Structures are given as structure tokens and as C-alpha cells.
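Good morning, and thank you for joining this meeting.

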Amino acid sequence: MTDIDDTDRAILRALQLDASQSAGALGRALGLSQPACWRRIRRLEQAGVIAGRRVVLDATRLGFGVTVFLGVKLAAKGRVSLTDFERAVTAIPEVQTVEHILGLYDYRLRVVARDIADFERVLRRRIMTLPGVGAVEANVLLSEERRPGPL
Amino acid sequence: MLDDLDRRILRYLQADPARAAADLADAAGTTPAVLSRRLARLADAGILRGQEAVIDWRALGFSVEVSLRVTLDKTNPRAFDEFIAAAREIPEVLEIQTFLGQVDVRLSVIARDLAHYQHIWRGRILTLPHIADIEALMHVARIKDELRLPL
């Protein structure tokens with residue numbers, strides 16, 4: 001586990017909102033020199049605290065109007081290879097995230113689609129045909145907000 | 001509105017946000033000058049909203065992640081607003097999502113360990129307003145976490 005101080009926390013908070021800002025600009029905002037800020041960012045990256053960067057796109061403006069979370073239960077546990085299921089589900093472009101879960105079901109998938117008809121196509125042709133898939137529960141996303149977390 | 005070049009640019013950018021402009025232009029089959037015009041246009045149209053850093057909370061010592069599925073008492077018209085406003089006050093809440101389906105709201109919560117989780121659960125979660133039912137699902141692993149759009 002990596003120890004971080006308040007300045008690191010401020011850097012992480014700022015980069016969560018805008019990762020494209022330069023070390024110089026961020027340093028100025030936080031009262032750090034450019035090299036000092038750059039060194040801190042590099043250290044956070046090397047420690048794996050900053051796992052990467054993500055492009056933020058407006059899904060709706062790109063024509064993706066529907067996001068559905070699917071809870072998937074595997075039908076015959078023991079007889080189905082988790083690896084086979086995971087490999088197949090990961091390859092579906094409309095499946096944005098796959099999480100292995102303990103509880104009501106086995107996996108949670110985040111599926112993006114153009115509209116409900118498009119979602120039905122993905123569900124029938126791609127999801128229901130996955131190896132070992134059993135019961136599927138669907139919840140349509142209405143709104144979401146991401147919080148900065150305990151920083 | 002979007003043509004094939006726009007889509008190619010966004011696709012490559014999603015795959016590697018840190019890619020240098022010249023390299024990205026090459027991959028998308030265009031020149032750096034055209035690329036920079038296209039990126040500016042996508043940003044102006046509100047499609048390309050920037051970049052955000054992805055934090056690996058495990059690297060900061062948060063090893064427990066729980067998904068809380070909440071059903072609210074809908075007899076109270078203010079239930080959603082008041083629940084969400086109170087959930088925002090909990091630093092360990094990373095995501096707040098609302099749904100159409102069996103679940104009303106989902107909170108993604110992180111904790112340092114199970115004792116810490118227990119503390120948050122008793123002190124902060126169970127005291128949230130208007131909860132009719134709540135169930136907790138434990139994350140085991142994240143198999144795919146790219147949040148990319150299938151452009």
C-alpha cells in the first residue's frame with residue numbers, strides 16, 4: 001500500500017476531474033514547482049495509484065442512449081468454465097465492464113446500446129448465447145454520478 | 001454528423017488516451033493538422049469532454065468493495081433526492097446510480113478492510129433516509145473495466 005500526503009490527495013482530486021492538465025499548470029494551482037509536481041504524479045503512476053487515464057465521451061451525443069446493468073447467474077456451476085465465460089463476455093464490444101460478484105448472482109455486466117431495440121439484439125444474440133449463462137436480471141440506468149472518493 | 005474519421009479518432013483515443021498526436025493521426029489515417037481540427041470540433045460539440053485519471057483504490061489500501069442495492073420507500077416523494085443527498089456525504093461512496101428495475105439506487109462503497117466496512121455500514125449506510133430494503137454484494141474481481149463505447 002502506498003502512503004500519500006495531502007498534496008498527493010489534492011493532485012489525485014484534480015487529475016480525476018481533468019487528467020489532461022500539465023504538471024506545470026497543476027503545480028501552479030497547488031503551489032508546487034513544475035518539477036516537484038511532475039515527480040509526485042510520476043510516483044503515483046509508478047505505485048499504481050493512478051492506474052491510467054480514460055477519455056470521457058458523451059455517450060448520448062454519440063447515439064448510445066441506453067445503459068443496462070445485467071446480473072448474470074451461471075447455469076451449471078462446476079460444469080461451466082469461468083474462464084470460458086469471462087473470455088467470451090469480455091470480447092463483446094457493447095459490454096463495457098465485467099465484475100465478478102459474490103451474492104445474488106455471479107457477474108455484473110454494464111452494457112451500452114443505442115436504444116432498447118438495440119439492447120434486445122445484444123441481449124439475445126450476444127449475452128444469452130454465452131457459455132453457461134443462466135438467469136439474467138436487468139436494471140436500466142437512469143442516472144449516475146461518480147464521487148471523488150475518500151481523498 | 002460524425003464521419004468515419006471521427007469515429008476512428010475516438011476509437012484510437014479511447015484505446016490509448018496518452019498516445020502522441022502524431023502517432024494518433026497516423027493510426028487514424030490523417031495528418032496532425034486535420035486531427036487537431038477534428039479534436040477541437042468534437043470538444044466544441046460536447047462529445048469529447050476531456051480525460052480523467054483512474055485511481056486504483058487497492059493501491060491506496062482500500063481492499064474491500066461492496067455494491068449496495070437499495071430499494072427506497074417510494075411513498076415519500078422526496079425519497080430519491082434526500083437519499084442521494086445524504087449518500088453524497090459519505091466519502092467512501094464512489095458511485096451513485098439510479099435505475100428502472102428491481103433496484104432503485106446502487107451505491108458503490110469502498111473500505112480498507114471488513115472491520116472498516118462494518119463501521120461504515122453501521123454508522124453511515126444504515127442511517128441513510130428512506131431505505132425500504134438493502135442488500136450487499138461483494139466484489140471479487142474486475143474482469144473488464146474499460147468503459148469504452150463500441151464506436
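Which residue in S5(A) stands opposite Leu74(A)? That residue is Val133(A). Let me set out the conventions at this point. This is a predicted model, in which local features need pLDDT of at least 70 and side-chain atom pairs count only at pLDDT 80 or more, while totals for chains, interfaces and linings use all residues. Residues are numbered from 1 along each chain as its sequence is written, and chains are lettered from A and ligands numbered from 1 in the order in which they are written.

I turn to the sheet. Strand S2 of chain A, residues 66-74, pairs with S5(A) in the antiparallel sense over six bridges. Helices (H or I, at least four residues) and strands (E, at least two) are DSSP runs numbered from the N terminus, and two strands pair if DSSP finds at least two bridges between them. Strand S5 of chain A, residues 133-146, also pairs with S3(B), again antiparallel and over six bridges. There, Leu100(B) in S3(B) is the bridge partner of Val140(A).

These strands belong to a closed barrel of eight, with antiparallel pairing, in the order S2(A)-S4(A)-S3(A)-S5(B)-S2(B)-S4(B)-S3(B)-S5(A). On average, neighbouring strands of this sheet are turned by 35 degrees against each other, direction ignored. Axes are lines fitted to C-alpha atoms, for helices over the stretch in contact, and angles run from 0 to 180 degrees between N-to-C directions.

Next, the contacts between the chains. In chain B, 52 residues are in contact with 54 residues of chain A; contact requires C-beta atoms, placed from the backbone, to lie within 7 Å. S5(B) gives the most to the side of chain B that touches chain A, with nine residues. By class, that side has 30 nonpolar, eleven polar and eleven charged residues. Ala, Val, Leu, Ile, Met, Phe, Trp, Tyr, Cys and Pro count as nonpolar, Asp, Glu, Lys and Arg as charged, and the others, Gly among them, as polar.

Finally, two helices of chain B. H2(B), residues 21-28, and H3(B), residues 32-44, pack at an angle of about 95 degrees, with their axes 9 Å apart. That makes H2(B) roughly perpendicular to H3(B), a term for angles of 65 to 115 degrees. Among the residues that meet there are Leu24(B) in H2(B) and Leu35(B) in H3(B). The contact of these two helices has seven nonpolar, one polar and no charged residues.

Definitions and conventions. Angles under 35 degrees count as roughly parallel, over 145 as roughly antiparallel, 65 to 115 as roughly perpendicular and the rest as oblique. Two residues are in contact if their C-beta atoms, placed from the backbone, lie within 7 Å.
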